[in-house]
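Have a look at the model first, then read on.

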Amino acid sequence: TSLKMYNYTTATEFLLLEFSDIRELQILYSLLLFLIYSAGLMGNLLIVIITTFDRRLHTPMYFFLRNLSIVDICYLSITAPQASVNSLVNNRIISVTGCAAQVFLMVFMVYVELTLLTVMARDRYVAICHPLHYPVIMSPRVCLQMTIVCLLTGLAYAGFHTGYTFRLSFCHSNVVHQFFCDIPSLLRISCSDTFSNKLSLIVSDLVVGAGCYAFITASYVRIFSTVLKFPVKEDQKKAFSTCIPHIIVVSLLVISGAYVYLQPPSESGSLKDIILSVFYAVIPPFLNPIIYSLRNKQIKDAIRILMRRTLSLRNEA
């Protein structure tokens with residue numbers, strides 16, 4: 001028994017959960033993930049290109065939207081390509097180092113995504129409720145500082161949770177009941193005392209998650225009370241069109257994340273667990289560009305101009 005414990009404790013790899021043991025379904029899941037990843041990548045890249053090259057979109061709102069799209073590209077790239085390849089070649093193995101890297105990057109990206117969405121709520125609040133002070137309060141320097149703070153605190157947050165998780169021993173099993181490495185799944189297979197890990201995870205998730213969500217909600221309560229006082233209906237419509245995509249994106253991320261992290265642990269991964277995890281790890285960054293593009297008139301206009309330019313250049317060639 002002691003030898004078995006020793007082998008498991010010093011394990012150099014984990015086994016991820018497979019989507020299915022039926023070969024045809026494995027190929028189908030791989031193809032679906034690849035298509036979602038490709039579409040998400042192109043959508044977010046399009047927003048990065050448009051907000052970089054269209055001078056009319058060089059405002060704080062679109063600066064943060066560009067940063068959000070860059071984060072979403074990284075966020076999607078952590079899990080989707082590897083899960084797609086793993087499903088295609090029927091490989092479940094991930095090294096401990098690879099698993100730690102995936103945990104670190106996933107926690108970092110989710111943290112940065114949520115804090116950026118919070119900063120974006122502040123930007124909308126200042127723009128709508130204090131328009132005269134907007135250029136001073138949301139100056140380019142302040143926007144850059146806010147983004148750097150999101151990144152640096154994200155590194156500290158992800159570093160703490162990754163280090164605190166991988167100090168544990170894993171001897172119950174080396175099968176992670178998830179299609180990517182995440183902290184709740186790793187805590188379930190640890191043979192160390194995980195009480196302090198679970199506590200720190202819940203407390204930090206509540207402080208960061210609930211704190212950001214409360215700030216965003218408070219910002220939008222003030223925004224909507226101000227917008228409803230606008231005398232011109234067209235101004236109301238314009239204000240709502242920039243706010244509603246943001247609310248949808250925040251709700252999607254927070255609700256799916258809370259469901260994954262706060263649901264009771266199941267010992268063996270079920271299809272329901274996998275679907276919920278896909279919703280948390282893949283769907284938010286995939287949907288963000290679609291939500292913003294469909295609801296935002298300036299983005300739609302910029303896309304049309306870009307397409308016209310591309311077509312005219314092709315015709316000239």
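Two strands count as paired if DSSP finds at least two bridges between them; strands (E, at least two residues) and helices (H or I, at least four) are DSSP runs, numbered from the N terminus. This is a predicted model, where local features need pLDDT of at least 70 and side-chain atom pairs pLDDT 80 or more, while totals for chains, interfaces and linings use all residues. Numbering starts from 1 along each chain as its sequence is written, and side-chain values use heavy atoms, with hydrogens and water left out.

**The sheet.** Three strands make an open, mixed sheet ordered β2-β1-β3. At its edges sit β2 (93-95) and β3 (175-176), each pairing on one side only. Strand β1 (residues 13-16) runs parallel to β3 over two bridges, and Leu15 stands opposite Val175 in β3.

**The rings.** Searching the whole structure turns up eight aromatic pairs. Rings of Phe, Tyr and Trp (its six-membered ring) pair if their centres lie within 6.5 Å; planes under 30 degrees apart are stacked, over 60 edge-to-face, the rest tilted. Here are two of the pairs:

| Pair | Type | Centre to centre | Between planes |
|---|---|---|---|
| Phe104 and Phe108 | stacked | 6.2 Å | 10° |
| Tyr220 and Phe224 | tilted | 5.8 Å | 40° |

Phe104 and Phe108 are four residues apart in helix α4, so about one helical turn separates them. Likewise, Tyr220 and Phe224 are four residues apart in helix α8 (residues 195-227), again about one helical turn. Elsewhere, Phe14, Phe166 and Phe170 form one aromatic cluster.
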